[in-house]
Amino acid sequence: MNPSEIEFLRLIDENKGILVKVSRMYMDDHEGRQDLYQEIVYQLWKSYATFKQQSKFSTWMYRVALNTAMVLLKKEKKHQIYDTLEERHDFAEEAYDTDKDEQLNVFYQAVQELNAIEKALIFLFLEGQSHREIAENLGISEVNARVKLNRTKERIQQIIKKYKYEF
Amino acid sequence: MNFDELKKSWQQQPTDEDLQNPNLKYYKEVGNIMGKLRKNIKREFISWAVCMGFLFLVPILPIYKIEGYAAFAYYFFIVQISLSSLLYYRRFFYLVKSTKKIELLASKEHLLKLYYDLKYAVETYRIAAYVMIPQALFLYLIMIAQNRTTVWFDRLYHFKETFQQDPNFIVWMILSAIASIILVVGLTEFMIRAYYSNYITQIKEKLDQMEAE
């Protein structure tokens, strides 16, 4: 293994949480998340040589990860719609231990009904990014990011209400 | 729903899910294989285009003297062969295009898709080549007969009489046909082996290695 590969894998391990969360947002089964995770790492590795240290590795990672996830989701149409909350609930429980956090669990289930861009918006919001940062990452205007994010939040609330969950 | 609370839960969620890093060496290796494969497909396509160009010009060349009905039949077969060839080049074009896209190389699933796409393209190539053998034989006949094509066809049409009067002609025709079939089949298999088979094997090896890990 050459030094740049070692360095790259170290950075991936340091920021693995981001990739895990992106994978959870976009894929609702472990196999799908594994595939997406690997796809993102490959895409990062592919463009790692051109990555300039002007921005933080994690900032660059957000962009590549979300772009990869969005393209992959659109292309493969792996997004599956589950009719009942029961099925979704089982899926989420299998994914990771969320006994302590039902709210997050239900959120993950609801988020699977969003489209690729809505997922990216809500993901960046939850990661604590400002409207400006979200706009920069997704290549849209700040106003557009704000409007779209508000709509996405409303949509999530509607989906959760549909399942008769309240927080 | 309180999004601030959700944000807090989101940031505190455990992220220790068992997601394996991919083996980056496969990326390089499969990338190299696909690069060579794309180059071979292009090279093979250029050779085909040059061959078709030459075949198209054959009746015009004074050495061949193909005229009249023979020229009409000749061009008919050329068009037929070109169209059949486009059938497999369409598969190869799809393959080249898909290997440039994002899903290339990443997961075993995608590599498996690539493997079967390539196998499918090669099988289409083989089938199209075999199906074109009769047309190729006619073309060959027209080319070597030169201005005697219609006479030769007439002699073949009256097979019984010709066999009685000039058995050597029939024997020579049959032997030529057999030799041509062997040549076309041999050439097709050689082209497949030289241009594509090795890469199918290499991709299969990578898949097996991924499976074993």
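Within how many Å do the axes of helix H6 (residues 149-157) of chain B and helix H8 (residues 167-212) of chain B come, and at roughly how many degrees do they cross?

Author: The axes of H6(B) and H8(B) come within 11 Å and cross at roughly 100 degrees. The two helices are therefore roughly perpendicular to each other, a label for angles of 65 to 115 degrees. From H6(B), B:Trp152, B:Arg155 and B:Leu156 make the contact, and from H8(B), B:Phe169, B:Ile170, B:Trp172 and B:Met173. By class this contact has 6 nonpolar residues, no polar ones and 1 charged. Contact means heavy atoms within 4.5 Å. Helices are DSSP runs (H or I, at least four residues), numbered from the N terminus; axes are lines fitted to C-alpha atoms over the stretch in contact, with angles from 0 to 180 degrees between N-to-C directions. Charged means Asp, Glu, Lys and Arg; nonpolar means Ala, Val, Leu, Ile, Met, Phe, Trp, Tyr, Cys and Pro; the others, Gly among them, are polar.

The model is predicted, so local features need pLDDT of at least 70 and side-chain atom pairs pLDDT 80 or more, while totals for chains, interfaces and linings use all residues. Residues are numbered from 1 along each chain as its sequence is written, chains are lettered from A and ligands numbered from 1 in the order written, and side-chain values use heavy atoms, without hydrogens and water.

A second crossing links the two chains. The axes of H7(A) and helix H1 (residues 3-12) of chain B come within 9 Å and cross at roughly 80 degrees. That makes H7(A) roughly perpendicular to H1(B). Here A:Ile122, A:Phe123, A:Phe125 and A:Leu126 meet B:Phe3, B:Leu6, B:Lys7, B:Trp10 and B:Gln11.

The interface as a whole joins 50 residues of chain A to 32 residues of chain B. About 3,800 Å² is buried between the chains, 59% of it from carbon and sulfur atoms. A:Tyr42, A:Gln103 and A:Leu126 lose the most area in chain A, together 18% of what that side buries. Buried area is the accessible area (1.4 Å probe) that two parts lose on being put together, summed over both.

Across the interface there are 2 salt bridges, each a side-chain nitrogen of Lys or Arg within 4 Å of a carboxyl oxygen of Asp or Glu. B:Glu17 forms a salt bridge with A:Arg24, with the closest N and O atoms 3.2 Å apart. On the side of chain A that touches chain B, H3(A) gives the most, with 12 residues. That side divides into 23 nonpolar, 11 polar and 16 charged residues.

Over all chains the count is 14 salt bridges. In one of them, A:Glu7 and A:Arg10 meet at 2.8 Å, N to O. These residues are 3 apart in helix H1 of chain A, so about one helical turn separates them.

Terms used
Angles under 35 degrees count as roughly parallel, over 145 as roughly antiparallel, 65 to 115 as roughly perpendicular and the rest as oblique.
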